[in-house]
Amino acid sequence: MEASKKPVLYSYFRSSCSWRVRIALALKGIAYDQAPVNLVKDGGQQLSPEFFSVNPMRQVPALKIDGVTLSQSLAIIEYLEETRPNPRILPQDPKKRAQVRIISDVIASGIQPLQNLSILQQVGDKKLEWAQLCISGGFKALEQILQETSGRYCVGDEVSMADLCLVPQVYNAERYKVDLAPYPTLRRINKALLELEEFQTSHPSRQPDTPPELRA
Amino acid sequence: MCAALVKPVLYSYFRSSCSWRVRIALALKGIAYDQAPVNLVKDGGQQLSPEFFSVNPMRQVPALKIDGVTLSQSLAIIEYLEETRPNPRILPQDPKKRAQVRIISDVIASGIQPLQNLSILQQVGDKKLEWAQLCISGGFKALEQILQETSGRYCVGDEVSMADLCLVPQVYNAERYKVDLAPYPTLRRINKALLELEEFQTSHPSRQPDTPPELRA
């Protein structure tokens with residue numbers, strides 16, 4: 001009986017897209033099992049024929065839940081919001097919902113895909129400069145947007161899907177040595193979010209597949 | 001002046017696939033609007049001007065001035081239109097079907113288009129055709145699998161949805177970059193069916209105020 005099976009999240013400890021969904025599951029108090037997918041080992045486990053039948057885009061995250069398999073982190077999060085609406089992670093007002101989606105899409109379409117693993121592998125030698133270019137361009141825009149929309153968090157004072165996208169992208173920025181000095185609003189919000197338990201338990205340093213040398 | 005009396009303004013480029021998604025949505029929902037063309041190539045790229053930065057700090061089209069606010073990011077715009085002008089609907093009511101629509105939309109809007117948009121191709125330089133073909137065919141291979149499960153007449157069942165708004169412009173890009181579409185029969189079938197609809201024709205890149213004469217339908 002499918003209702004008694006826990007959801008299964010295909011995840012990689014350091015995948016920012018997977019982290020977004022881990023935060024959402026934590027915020028909504030949804031217990032789940034993790035099926036780690038190592039993006040580097042064995043030539044990339046996401047490239048196996050078995051994983052193609054889980055997600056033909058050959059990416060994490062993917063979530064088995066309610067008898068279906070979902071992919072694309074924001075589509076997963078919107079599904080969780082619609083089926084487990086409490087606590088909410090999208091505001092009720094359509095204009096505020098749009099703000100949350102704009103910020104989320106700036107990150108999920110405008111920044112992350114340009115600096116994900118498969119693209120960096122194509123870029124080769126100049127990968128650090130490329131990642132820095134992609135991220136800083138997007139963060140410059142985000143800083144402007146967040147100055148208008150933010151309260152304690154990205155949009156007002158409640159945690160939203162935008163915050164779930166922000167923290168993992170800042171983690172990537174730090175990993176690629178992006179100078180964050182020009183983005184004070186972004187830094188303030190990121191710091192406030194990292195104090196929340198759900199952003200800590202879902203952190204890359206605390207996952208079942210975190211390598212020992214990176215474990216918190 | 002009362003915001004309700006001012007027509008929405010869409011910042012758009014005739015050949016921008018992301019702008020085309022929103023043009024289709026506005027057409028489907030019968031929303032009259034004005035276009036403010038932004039030429040992505042002329043003048044070094046009009047989207048890079050300081051004036052346009054205050055419209056959209058991501059320096060991209062589309063952006064939509066509506067209801068006293070300025071929205072960016074095509075899918076965020078479309079979801080806003082859906083929530084505020086719910087008829088006709090372009091997202092199903094069932095959450096699992098809505099998820100299918102969003103998955104297909106995001107595969108295109110996050111997984112394919114950003115990797116082959118103008119600014120990235122400019123960075124890639126010489127190998128831009130091969131790069132574009134690689135990005136698009138990888139995503140289309142996945143889409144073909146997904147669509148075999150989800151499609152009826154259109155991407156998800158038999159009703160036009162946000163997924164269809166994303167598909168047609170991406171196929172247009174694929175044809176522009178000479179991607180071989182033979183391996184994707186489901187995708188081709190759906191694209192063909194959608195292009196028969198008036199809203200996908202009136203919004204077509206060949207029919208826009210800023211379409212160059214040599215590309216005009």
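1. Core. In this predicted model, the largest nonpolar core has 122 residues. Phe139(A), Leu142(A) and Phe140(B) touch the most other members. Take Leu142(A): its contacts include Ile103(A), Val106(A), Ile107(A) and Ile111(A). Leu166(A) and Leu186(A) are also touched by Leu142(A). That list leaves out residues up to four places away in sequence. As background, nonpolar side chains tend to be buried together in soluble globular proteins.

2. Helix 3 of chain A. This helix covers residues 73–83. How many of its 11 residues are buried? The count is 9, so the helix is largely enclosed by the rest of the structure.

3. Helix packing in chain B. Helix 3 (residues 74–84) and helix 7 (residues 162–176) of chain B have axes that come within 11 Å. They cross at roughly 145°, and the crossing is right-handed. Which residues of helix 3 of chain B meet helix 7 of chain B? They are Leu75(B), Ile78(B) and Glu79(B). On the helix 7 side, the partners are Met162(B), Leu165(B) and Cys166(B). By class, this contact has 5 nonpolar residues, 1 charged residue and no polar ones.

4. Aromatic pairs. Over all chains, the structure holds 8 aromatic pairs. One of them joins Tyr12(A) and Phe13(A). Their ring centres are 4.9 Å apart and the planes stand at 65°, so this pair is edge-to-face. Both Tyr12(A) and Phe13(A) are buried. The rings of Trp20(B) and Tyr172(B) also pair, with centres 5.6 Å apart and planes at 90°, so they too are edge-to-face. Trp20(B) sits in helix 1 (residues 17–28) of chain B and Tyr172(B) in helix 7 of chain B, so the pair ties together parts 152 residues apart in sequence. Are these two residues buried or partly exposed? Trp20(B) has 1% relative accessibility and counts as buried. Tyr172(B), at 21%, counts as partly exposed, because buried means under 20%.

5. A buried loop glutamine. Gln116(B) lies in the loop between helix 4 (95–109) and helix 5 (118–124) of chain B. At 2% relative accessibility, Gln116(B) counts as buried. What does Gln116(B) contact, leaving aside neighbours within four places in sequence? Its partners are Leu121(B), Ala132(B), Ile136(B), Gln170(B), Asn173(B) and Tyr177(B). The C-alpha atoms of Gln116(B) and Trp131(B) are separated by 7.5 Å, with the two residues 15 apart along the chain.

6. Cis peptide bonds. The bond from Val60(A) to Pro61(A) is cis, with omega near 5°. Pro61(A) belongs to the loop between helix 2 (49–54) and strand 3 (62–65) of chain A. In chain B, a cis bond joins Asn87(B) and Pro88(B), with omega about -10°. Pro88(B) is in the loop between helix 3 and helix 4 of chain B.

7. Positive phi. Asp67(B) is not a glycine, yet its phi is positive, about 55°. Asp67(B) lies in the loop between strand 3 (63–66) and strand 4 (69–72) of chain B. It has 27% relative accessibility and counts as partly exposed. Gln73(B), also not a glycine, has a positive phi of about 65°. Gln73(B) lies in the loop between strand 4 and helix 3 of chain B. At 11% relative accessibility, Gln73(B) counts as buried.

Key. Residues are numbered from 1 along each chain as its sequence is written. Chains are lettered from A and ligands numbered from 1 in the order in which they are written. This is a predicted model: local features need pLDDT of at least 70, side-chain atom pairs count only at pLDDT 80 or more; totals for chains, interfaces and linings use all residues. Side-chain values use heavy atoms; hydrogens and water are left out. Axes are lines fitted to C-alpha atoms, for helices over the stretch in contact, and angles run from 0 to 180 degrees between N-to-C directions. Helices (H or I, at least four residues) and strands (E, at least two) are DSSP runs, numbered from the N terminus. A crossing is left-handed if the near helix is turned anticlockwise from the far one by less than a right angle, and right-handed if clockwise. Contact means heavy atoms within 4.5 Å. Ala, Val, Leu, Ile, Met, Phe, Trp, Tyr, Cys and Pro count as nonpolar, Asp, Glu, Lys and Arg as charged, and the others, Gly among them, as polar. A nonpolar core is a set of buried Ala, Val, Leu, Ile, Met, Phe, Trp, Tyr and Cys residues joined through side-chain atoms within 4.5 Å. Buried means under 20% relative accessible area, exposed over 50%, partly exposed in between (1.4 Å probe, protein chains only). Rings of Phe, Tyr and Trp (its six-membered ring) pair if their centres lie within 6.5 Å; planes under 30 degrees apart count as stacked, over 60 as edge-to-face and the rest as tilted.
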